[in-house]
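Please take a look at the following structure.

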Amino acid sequence: MTNVLPPNHPDAGTVAALGRGDREAFTCIVTELNPGLTRLARSYVPEALADEIVQETWMAVIKSIETFQGRSSLKSWIYRIMLNKVRTLAVREAKIVPFTSVGPQTDDARPSVEPERLMNPDLGQGYWPEAPVRWHTAPDERVETKETLERVHAAIQALPAAQREVVAMRDIEGWSAEEVCNALGISSVNQRVLLHRGRVAVREAVEEYLS
Amino acid sequence: MTDDQEFIKNDLRIACADAVELVTDYLDDALAPRDLDDFQVHLGLCEGCQVFVDQIRKTVTLTSQTQDLTVPVEPANMDALFAALDEKRTD
Ligand SMILES: [Zn+2]
């Protein structure tokens, strides 16, 4: 099979090297992507299964690198392979052992702040009556403790999968919005909605813990 | 008081309930110029929304700190992958 990748594609060199079976090029991309792939896979299924999926993903990358057409980055393409595998497996697993929320993906568009908290006696509905308590003035400076981070981790795990993926890629792995849209095949508006809802839910969990 | 309230409301441009929905767009520089202007004016006058924005920023920082650095750098069976790569070389 011939690869139709345009020569000016930023990943053209790596793709060509992988097609030739270049170990060094392969090791290089593995080092870059394996930790993030593993973390995301482990947010779906238990560790051992997740690691198996990541192994299978790399095997699929080697075997089907010729089919990569360069419509996205190589990184997005590899993540999509992993996500397709892990989503399928997570749905199957959830029927046996509920591990994490794989769905439903729909969300009833909860407001970012509960309406009852935005009842200002003078300005009316939709305005803060008083500012929320600042976290850095919270008693005994607990904000960045191990326990807080555990709460944050648990809150992320409890998010619907679509939100969890975006939060993980943007706020844990540090991807750009554009990269996330490419890897997940979602619009930029959808990406921001999912990210915002996810962040809001995590903020609430921290607030609840600190209060 | 009614006049004052109207004044404050107009000054704030948008309700807090709307402002809090725009925070992620704001942090991503994704607001349209006019929305950005309304949002910034509101934020300048509203302590509640300032705190909310700070808390979302803090949430992002806390989230980044949950990154599990103990995950393996390499997949479980690198040898099998190298073997598959070697097969491509003899193609
Ligand atoms: Zn406000």
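## Where the chains meet

Chain A and chain B together bury about 4900 Å², and 63% of this lies on carbon and sulfur atoms. Buried area here is the accessible area (1.4 Å probe) that two parts lose on being put together, summed over both. The size of an interface is often given in this way, as the accessible area lost when the parts come together.

This is a predicted model, where local features need pLDDT of at least 70, side-chain atom pairs count only at pLDDT 80 or more, and totals for chains, interfaces and linings use all residues. Residues are numbered from 1 along each chain as its sequence is written, chains are lettered from A and ligands numbered from 1 in the order in which they are written, and side-chain values use heavy atoms, with hydrogens and water left out.

Chain A gives 59 residues to the contact and chain B gives 53 residues. Contact means heavy atoms within 4.5 Å. Between the two chains, 22 residue pairs are in polar contact, both at pLDDT 80 or more. A polar contact is a pair of N or O atoms within 3.5 Å; within protein, one must be able to donate a hydrogen and the other to accept it, and residues adjacent in sequence count only if both atoms are side-chain atoms. On chain A, the elements that give two or more residues to the side touching chain B include helix 1 (12-19), helix 2 (23-42) and helix 8 (188-210). That side of chain A has 29 nonpolar, 13 polar and 17 charged residues. Ala, Val, Leu, Ile, Met, Phe, Trp, Tyr, Cys and Pro count as nonpolar, Asp, Glu, Lys and Arg as charged, and the others, Gly among them, as polar.

## Salt bridges

The structure holds 21 salt bridges over all chains. The interface of chain A and chain B has 6 salt bridges by the rule. That rule asks for a side-chain nitrogen of Lys or Arg within 4 Å of a carboxyl oxygen of Asp or Glu. Here are some of the pairs.

| Salt bridge | N to O distance |
|---|---|
| Lys88(B) and Glu66(A) | 3.2 Å |
| Arg170(A) and Asp28(B) | 2.7 Å |
| Asp25(B) and Arg192(A) | 3.3 Å |
| Lys146(A) and Glu150(A) | 3.3 Å |

Which of these residues are buried or exposed? Buried means under 20% relative accessible area, exposed over 50%, partly exposed in between (1.4 Å probe, protein chains only). Arg170(A) is buried at 12%, while Asp28(B) is partly exposed at 22%. Asp25(B) is buried at 18%.

Lys146(A) and Glu150(A) sit in helix 5 of chain A, 4 residues apart, so about one helical turn separates them. Lys146(A) is exposed at 61%. Glu150(A) is partly exposed at 45%.

## Chain B by itself

How many helices and strands are in chain B? There are 6 helices and 0 strands. Helices (H or I, at least four residues) and strands (E, at least two) are DSSP runs, numbered from the N terminus. Chain B has 91 residues, and 38% of them count as buried. Among its contacts between residues at least 6 apart in sequence, 57% join residues at least 24 apart.
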